[in-house]
Amino acid sequence: MDPPASKDGPDGSSLKPVSSLLAKFENMNKAGDTQQSSTSSARTTSPAPKPDRLRDPSPSGAREPPAIPTRPRALQPQYTGVSVASTGYSSSPIRCVPPPVSSLGPRPAQPPSLNVQPPQSPPSRNVDGVAVGERPSFLQADSLVKAASPATASKQFKIPSPITPATSDPQKSPRLAATQPPSPPPPRRSGELQRPRDVEKPRPVPPPVNRAEKPVIPSRSSVQIERSQALDIKTRTPERISPFSSPPSSNGTPDEDDSPPMLPARPRAQQQREPNPEGLQRSRTFHVGFVPPPLHPSVARQRRGREEENGSARAPLRPHLTGGNQPPALPARPQSIIETSRTLNGMMMAPPPRPPKPGVNTNLDPNPPGSISQKRIVSTPTQYQPSIPSRTHVRSMTVDRTSNRVPNEFRAPPTPISAPTIDRIPEAVPVTSSRTANAGPTVTMAYPDATNTNRSKPYISKGVHEIYTKYDTRMLDVCGELVCTTGGFTRVWSLLDGELLMSLSMGEGQKGTAVMFKPGAHVDDEGTKVWIGNNHGELLEADIGTQRITDSLPNAHGRYEIIRIYRHFNEVWTLDESGALNVWDPDESHTPTLSNGPSQSFRVPRGHTFSMVVGDELWYATGKDIRVFKPTVDGKTQFQVLLRALCQQDAGEVISGTLLASDPDRVYFGHSDGKVSVYSRQDYTCQCVMNVSQYKINSLAAAGSYLWAGYNNGKVAVYDVTQTPWIVKKEWVAHENPVIKLMADCSSSYRLDRSLVVSLGADNMVRTWDALLQEDWLEGEMKRKDVEYCEFQNLKVLIMTWNAGASTPHSLRYSESDANFFRDLLQTSDSPDIIIFGFQELVDLEDKTATAKRFLKPKKKEGSDQERMSHQYRDWRDFLIRSLDDYMQGDLYHLLHTSPLVGLFTCIFVKADLRGRISNLSSNEVKRGLGGLHGNKGAIVVRFLVDDTSLCFINCHLAAGQSGANQRHNDVAAILDASVFPSERDPAVRIDSYVGGGDGTMILDHELCVLNGDLNYRIDTMSRDTVVTAVKQGNLTKLLERDQLLVAKRRNPGFRLRAFDELPITFAPTYKYDVGTDNYDTSEKKRSPAWCDRLLYRGRGRIEQLDYRRHEVRVSDHRPVSGRFRFLVKRIDPKRRAQAWMECQQLWEDLRAKEAHAEK
């Protein structure tokens, strides 16, 4: 080809050649005149001379593309039907080869000066290597004056995949490229359609283009087109051409046949596009019927910047909003419009992402019939590849990458997709909560109701209850009558008699870190072998009968420690600390084997804190984040189910979890801060977050409809989650050290004919528990039937509590109101059947000398209570007896019991006709002063039975001080947890007269309890003057909101007084007054007023408090408080009780059989 006569381009613009490459392109451009096209093949395999004869791929001999002698067949789709750099193309609908250029003869003497990269070379950063200011004129925007048929020809190039080749348009390429030396055009990037052009000239009005013919091609079609190298362009019609199909700088019209010279472009290596055929289906997500309008570079740059700041997770979602049924062929698009926003400032897009695994489903239906949730549709490979953070098909990205919302003209028509629609999924599903709370209805509920908690241990009726492992173990598995632990040893015991069946040493430097009974081909084959994973990544199979290792696979997980082994039907999944998840498929014997190796391997994030199998899914927790995966044997299903992790920021790390068989739609997770979060399996929303404890929940298990929780303090609690709030059914101390593992054994129903829950503690003890809680059920059923065999009677009870401040009965005489206090109290009490007087500080606790004497002087061991009681207590006892005789005429009262304790004094009177019905009288004291050594703080506890009802009265004085709330909490817990009474040995009496599975040794074992005393709970976060002002104004509600006792009942799930009730307070604070006045403390300390003196009760609906009031006695700094109650007591008919018991036994057998059938 001869050089041009002038140095002007086809449009008269000046050329500035900077290299032999550009000069060569310029000469090629000038020689073709009006029928110019590409100078040669956009990519040659060698700079050698061209052949003498070019191929004639089109019927027209006037327009022939250059021959490509050594071009691989796989590269042809890159150039079929399009000139990569041209903005005007032929409108021929049958052209499947590069656009024609002027007939060129052989040029053996002057080959192009360019270095050709191999077909599989990686994409270069600067696409064409030519600085913007030094480009030849035919590359400038003003050179694009005439186009043969820009709109239609632009549709000829059919993109075979959503990953489009990358080019650089000199019209819109930034000046940054000027610093790079000229180089041959690099291969096109999969995410770019052509090279952007410099926008320095104003844009003319573009010609129309077919708006309906810019669809997103479904993946399967794209893959087939790419592999067959065929481009279907017959569906394009010239009358539907969009004006946006031509570059903004082009003045061509669809009627023009001339095209400017082509920009030589290097073909994209075919194998860089083929590995991701499945990823192409990201493009088939909403209907796009035309090419989007061009964007100004500044607008595109700003939008891309915002997108990068927001992260890449959103980018792949928007394309799926546009999918639907796609046209059969993908037309080419102008190569200077869309990619401008993707190559701004010379910055090219990142390389294409790694393709998904070959087995993914490439079904073209955007809504497969098996889809259950829109979230799952988005995150499965049929809709979206979550591993691709920021790049999708360029047609989709024209919507998503340049805007945070989909324009109206790009929105998909209505589809039969059920709500929530895909475009709302990121906001409506809990996947958006990777860093924030879920969008679902997350509710932090009240604490569980512990009012009727049963404290007895649910021992099993048959078999051994506990097994001592004799070594440090942290892993446990159970199968029927067998239990296996691993660590330095792997041992198997029989739960029937405790016999050690297998003991294997793991070897020096090795320890078992995961264990599981191997699945069997039949139920009877279960429990014969175990799989063991160790800290060196090795999997072992041990036979229990022979006590030998029968198979092993070294480096099954490399050298990483195996942390979990799961069972999924007859499959086994193994997980190591690096996040490698292997799936072991059963062989022809229907059991997995180590010899065949894993069927599939997957990768999950590091930092595992908990995981479990839920149906076919693996719910995997790392800290607070929960991810859902779906491992499969064939690998054809998308592994990652959710786009983002589930998370509750207001809860601690996820360290435990379980699934209730009675409510399979809910998944329960235990957190390190004592919370339990509940998620739905259907839409993955968080249903609620329950505060259940202040202790770390180390393990969760499910048995029937109850949720079992093992805590860091060694306790196990059972919750009824069907109620709102939850009910604490049972709580007991299961281990002396933290509970490590709880496991409910489903196979025990058909192997042992009973249901078991096995616990492993840090004390290396394995204990078994009755999963159905038989004793609890029988007791509860008998309580519900007591109306059938019991007679009931109401008793009137009067209780008074008063911190007397070392006053004596004689001191009441100095004031008329003080002298009339007991008279008014008794005469307005409506002749109670039982009267309890509870005093605190009958001795001066401020007297250090007297306190030291009481502490050091030994207590008298001999003599009656009269002799051992000091004169202060005797004086008050005698005063109370006289008061009853004087003011309760007509009623005869007997002194039932008196108990003193370093200032505490309890005196109980009962009517004469009731005395004969009282039995089993007992009392004790709990010291809390000086760490339990001194009785200046503590409690006096008295209990007795009226007919067949147990009553317990607690008179206590707790730790003082505004800041001593926690110490008071501890005092209450110590008092209520103390075993202060002798145990009741008759099982029938336990069921009839005590509650909560108790034997009568503890306070809460009794049916009716009343706690009174100086509890010393204060008002928080308010100054003394503020409190005094509020009291004078009668604004008690404001003060009660800050009362320490009421606040602890609301906020502290471990507060033991939550099991007690209190009538609403309507009187002013009873502490602290100046003695002899009605003024609150004006001393130097100026203590803030508070409700220190309280009455609380616990009766399971059989106690009714009639009033709650204070009395004006000024002899002390406390005011007395009294309350009238109505107790409901029962008398049992033995014959009718026996009949009810037989009925309960029969009901239990029916229930057990039903549960066993459900398990089987």
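Mentor: Let us begin with one pair of residues in this predicted model: H894 stands opposite V910, a residue of strand β34.

Trainee: In which sense do β33 and β34 pair, and over how many bridges?

Mentor: The general idea is that the strands of a sheet pair through backbone hydrogen bonds, either parallel or antiparallel. In this case β33 and β34, the latter covering residues 904–911, pair in the antiparallel sense, and the pairing runs over eight bridges.

Trainee: What is the order of the strands in the sheet to which they belong?

Mentor: Reading across the open sheet, one passes six strands in the order β33-β34-β32-β31-β41-β40, and the pairing among them is mixed. The strands at the edges are β33 (893–901) and β40 (1103–1110), and because each has a single partner strand, one side of each is left without a neighbour in the sheet. From one strand to the next, the twist averages 15°.

Trainee: Which helix packs on the sheet, and which strands does it touch?

Mentor: That is helix α15, made of residues 871–887, which touches β31 (790–803), β32 (834–840), β33 and β34, and whose direction makes about 25° with that of β34.

Trainee: Which residues of α9 are buried, and against what do they pack?

Mentor: A residue counts as buried here when its relative accessible area is under 20%. In α9, the buried residues are D776, L778, E779, G780, E781 and M782, and they pack against β27, α10 (786–789), α18 and α22 (1134–1159).

Trainee: How many helices and strands are there in the chain, and what percentage of its residues is buried?

Mentor: The chain has 22 helices and 41 strands, and buried residues make up 57% of its 1160 residues. Its accessible surface comes to about 45,700 Å², of which 49% belongs to carbon and sulfur atoms.

Conventions
Residues numbered from 1 in each chain as written. Predicted model: local features only at pLDDT ≥ 70, side-chain atom pairs only at ≥ 80, totals over all residues. Heavy atoms only, no water. Pairing = 2+ DSSP bridges. Helix = DSSP H or I, 4+ residues; strand = E, 2+ residues; numbered from the N terminus. Axes fitted to C-alpha atoms, helices over the stretch in contact; angles between N-to-C directions. Contact = heavy atoms within 4.5 Å. Buried < 20%, exposed > 50% of the residue type's maximum accessible area, 1.4 Å probe, protein only. Areas by Shrake-Rupley, 256 points an atom, 1.4 Å probe, with all protein chains shown as cover.
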